[in-house]
Amino acid sequence: MTVRAVPTGIGHYLPDRVVPNSEFEDTLETSDEWIRSRSGIERRHFAAQGETTSQMAVKAAEKALAMAGLKPDDIDAVIVATSTPDLTFPSVGTMVQQGLGMTRGFAYDVQAVCAGFIYALANANGMILSGQAERVLVIGAETFSRIMDWEDRATCVLFGDGAGALVLEARTGSGHSDDRGILSVDLNSDGQYRDMLYVDGGVSSTGTSGKLRMQGNALFRQAVEKLASTANKALEKAALGHGDVDWIVPHQANIRIIQGTAKKLDVSMDKVIVTVQDHGNTSAASIPLAMSVGVSDGRIKPGDLLVAEAIGGGLAWGAVVLRW
């Protein structure tokens with residue numbers, strides 16, 4: 001028998017404020033048509049003044065725990081993927097602990113930008129397989145609206161805020177690919193591409209939070225190739241092929257990247273969960289948000305095989321194969 005990290009609950013949270021593309025037309029040389037045609041984005045959510053990453057993470061976590069039928073103190077570990085923490089320290093993870101009223105376990109953050117949730121899933125999976133934890137709450141949460149340059153029309157229209165949370169529990173499986181839970185993980189990074197997506201400030205360099213900078217065209221070319229490659233590697237590790245996939249749950253950065261990756265994987269767009277039109281790019285929150293939407297609207301069903309893949313600043317990229 002084999003231990004697997006099995007999803008038992010999922011939930012998401014989006015701020016109340018919805019920002020349509022038309023809202024940018026008053027301050028930028030842009031239009032709804034321009035934004036849609038280049039990104040697929042129609043609207044996004046922005047956090048309210050005073051609303052923080054940890055607060056959104058707590059709200060998503062509460063929904064995931066409710067679906068799993070668990071209380072906060074049933075959780076052994078909290079892992080938060082974020083690039084926009086409330087404070088330099090302590091971690092958002094410990095703030096989530098406090099916000100949920102947890103009195104046991106441990107918590108920390110993972111920072112791999114848009115690939116953060118994949119890296120966090122890998123961490124959680126390793127802990128469960130090693131016996132370090134039995135139940136892990138994995139969260140992606142971001143307030144990217146706080147690091148936007150509102151004069152840069154190429155970037156500020158792309159990002160949004162939100163949070164998604166997933167509960168993973170140790171369950172016994174047969175050791176075969178028909179088991180529920182995480183079946184394989186593939187992680188990668190290459191620092192030579194760091195200038196393609198970065199924030200131009202930090203504690204030890206400028207003492208400021210900085211603003212997001214991106215080389216969009218260069219990043220697009222890297223993204224499609226690397227996302228298809230990591231998804232293929234993860235499927236190979238699980239001894240599975242494209243025909244076994246029920247759903248691709250990609251990082252929601254840009255519809256063109258999503259479509260290009262699906263084409264390279266020879267997977268129909270009918271099998272891709274797409275939420276970029278409603279959420280924009282929510283960085284580490286985008287995969288759990290999309291996964292939660294897919295579960296809540298009935299598309300993702302128990303037993304379905306999912307491939308989640310993402311790429312972010314670093315560059316860092318990776319994929320997870322899991323059976324719901």
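Rings of Phe, Tyr and Trp (its six-membered ring) pair if their centres lie within 6.5 Å; planes under 30 degrees apart count as stacked, over 60 as edge-to-face and the rest as tilted. I used that rule first, and it gave me three aromatic pairs.

Before going on, I noted that this is a predicted model, where local features need pLDDT of at least 70, side-chain atom pairs count only at pLDDT 80 or more, and totals for chains, interfaces and linings use all residues. Residues are numbered from 1 along each chain as its sequence is written, and side-chain values use heavy atoms, with hydrogens and water left out.

**Rings**

I looked at Phe144 and Phe159: their ring centres are 5.2 Å apart and their planes at 20°, so I log the pair as stacked. Phe144 lies in the loop between β6 (135-143) and α5 (153-156), and Phe159 in the loop between α5 and β7 (161-173), so the pair ties together parts that are 15 residues apart in sequence. Helices (H or I, at least four residues) and strands (E, at least two) are DSSP runs, numbered from the N terminus. I have both Phe144 and Phe159 down as buried (under 20% relative accessible area; exposed is over 50%, partly exposed in between; 1.4 Å probe, protein chains only).

I also found Phe24, Phe46 and Trp150 linked into a cluster by ring pairs.

**Ser283**

I went to Ser283 next, in the loop between α8 (276-279) and α9 (286-296). Ser283 is buried, with a relative accessible area of 1%. Leaving out residues up to four places away in sequence, I see Ser283 touching Val113, Cys114, Glu142, Phe144 and His251 (contact means heavy atoms within 4.5 Å). So Phe144 of the stacked pair turns up again among the residues that Ser283 touches.

**Sheet**

Which order do the four strands of the open sheet take? I read β8-β13-β12-β11, with mixed pairing (two strands pair if DSSP finds at least two bridges between them). The edge strands are β8 (181-189) and β11 (247-250), each pairing on one side only. β11 and β12 (residues 305-312) pair in the parallel sense over four bridges, and I noted Val307 in β12 as the bridge partner of Ile248.

Then I checked what packs on the sheet. Helix α4 (residues 116-130) touches β8, β12 and β13 (316-323), and its direction makes about 125° with that of β8. Helix α9 touches β11 and β12, its direction making about 155° with that of β12. For these angles, axes are lines fitted to C-alpha atoms, for helices over the stretch in contact, and angles run from 0 to 180 degrees between N-to-C directions.
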